Amino acid sequence: PAITINVVKRKGTNIIENNAAVRQVVETATADWPDAVRVDYLLDKSENIFEILGSLESSIMTAIFLVMILVIWALGPKSALLVGISIPTSFMIGFLILSTIGMTVNTMVMFGLVLTVGMLVDGAIVMVEYADRKIAEGMAAQEAYIRASRLMFWPIVSSTATTLAAFLPMLLWPGVAGEFMSYLPIMVVIVLSASLLTALVFLPVTGAVLSGAISWSGRHAAGI
């Protein structure tokens with residue numbers, strides 16, 4: 001003999017938070033029940049969501065690792081460090097914007113992150129490579145990064161804008177399918193916009209500070 005209770009979440013409710021609340025209520029209500037009564041949970045969709053999110057998180061980490069290998073091979077460790085910093089920085093800014101506008105993390109948001117890993121480093125690579133070339137020519141690090149930020153502004157902005165323009169039509173997709181798929185272009189727009197801010201503001205400042213610190217350490221070690 002068994003008794004079943006079907007719990008259905010309301011539209012717009014976070015299924016993970018909803019199912020966790022259900023489990024907490026059940027545990028509280030059954031705390032003083034005898035051991036002969038067993039409570040099981042069936043058709044818990046949050047378990048599948050955790051599996052999918054875990055798989056997507058692994059894909060994101062793998063994508064970041066592969067991107068970093070290519071950047072180290074092409075630009076060297078110092079430049080790769082700056083480009084590598086731009087990835088989590090862009091993601092953090094993206095999640096901040098996401099929470100500000102009231103959106104939650106779902107499968108399409110994670111797909112958007114996987115999709116943008118390789119694209120969000122483009123501006124950072126252009127910025128860092130130009131600054132490194134000027135530093136190698138004898139220009140001061142701070143001046144080189146300021147010059148890179150000024151001269152590379154429109155190339156980086158136009159490159160990011162052309163990528164965003166390709167995803168904007170997906171926001172006009174009608175119906176339920178369009179509402180579901182809209183998370184993907186929204187996340188791409190947010191993360192690439194964050195990467196633009198990172199490449200034009202955060203990286204020049206960080207690069208100048210790190211280059212100055214490395215230069216000072218080198219002079220100090222040499223006894224100058």
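The pLDDT is the predictor's confidence in each residue, on a scale from 0 to 100. The structure shown here is a predicted model, and its chain has a mean pLDDT of 81, with 94% of the residues reaching 70 or more. Among the elements of the chain, helix α7 (residues 153–167) has the highest mean pLDDT, 87, whereas helix α9 (residues 183–221) has the lowest, 75. Over residues 214–224 the pLDDT falls below 50, and this stretch makes 1 contact in the model beyond near neighbours in sequence.

We can now look at the open space. Rolling a probe the size of a water molecule over the atoms shows where empty space is left. The largest pocket holds about 1200 Å³ of space; it is lined by 27 residues, of which Ile5, Asn6, Asp40, Tyr41 and Leu42 are the closest to its centre. Helix α1 (residues 15–29) gives the largest share of this lining, with 7 residues, and the lining of the largest pocket as a whole divides into 16 nonpolar, 5 polar and 6 charged residues.

The second largest pocket contains about 700 Å³ of space, and among the 19 residues that line it, Lys9, Thr13, Thr104, Asn106 and Tyr183 are the closest to its centre. The elements that give two or more residues to the lining of this second pocket are α1, α2 (45–75), α4 and α8 (175–181). Its lining divides into 9 nonpolar, 7 polar and 3 charged residues.

Helix α4, which spans residues 107–116, also contains Thr116. Is Thr116 buried or exposed? With a relative accessible area of 0%, Thr116 counts as buried, because that value is under the 20% limit. A polar atom of the Thr116 side chain lies 3.0 Å from the backbone oxygen of Gly112. Leaving aside the neighbours within four places in sequence, Thr116 is in contact with Phe91, Val188, Val191 and Leu192.

Leu43 lies in the loop between α1 and α2, and it has a positive phi of about 55 degrees although it is not a glycine. The relative accessible area of Leu43 is 82%, so this residue is classed as exposed, the limit for that class being over 50%.

Notes. Residues numbered from 1 in each chain as written. Predicted model: local features only at pLDDT ≥ 70, side-chain atom pairs only at ≥ 80, totals over all residues. Heavy atoms only, no water. Helix = DSSP H or I, 4+ residues; strand = E, 2+ residues; numbered from the N terminus. Buried < 20%, exposed > 50% of the residue type's maximum accessible area, 1.4 Å probe, protein only. Polar contact = N/O pair within 3.5 Å; in protein donor to acceptor, adjacent residues only side chain to side chain. Contact = heavy atoms within 4.5 Å. 1 Å grid on protein atoms, 1.4 Å probe; cavity = no way out; pocket = protein on both sides within 12 Å on 5 of 7 lines; lining within 4 Å. Points joined across faces, edges and corners; volume = space filled by probe spheres on them. Nonpolar A, V, L, I, M, F, W, Y, C, P; charged D, E, K, R; others polar.
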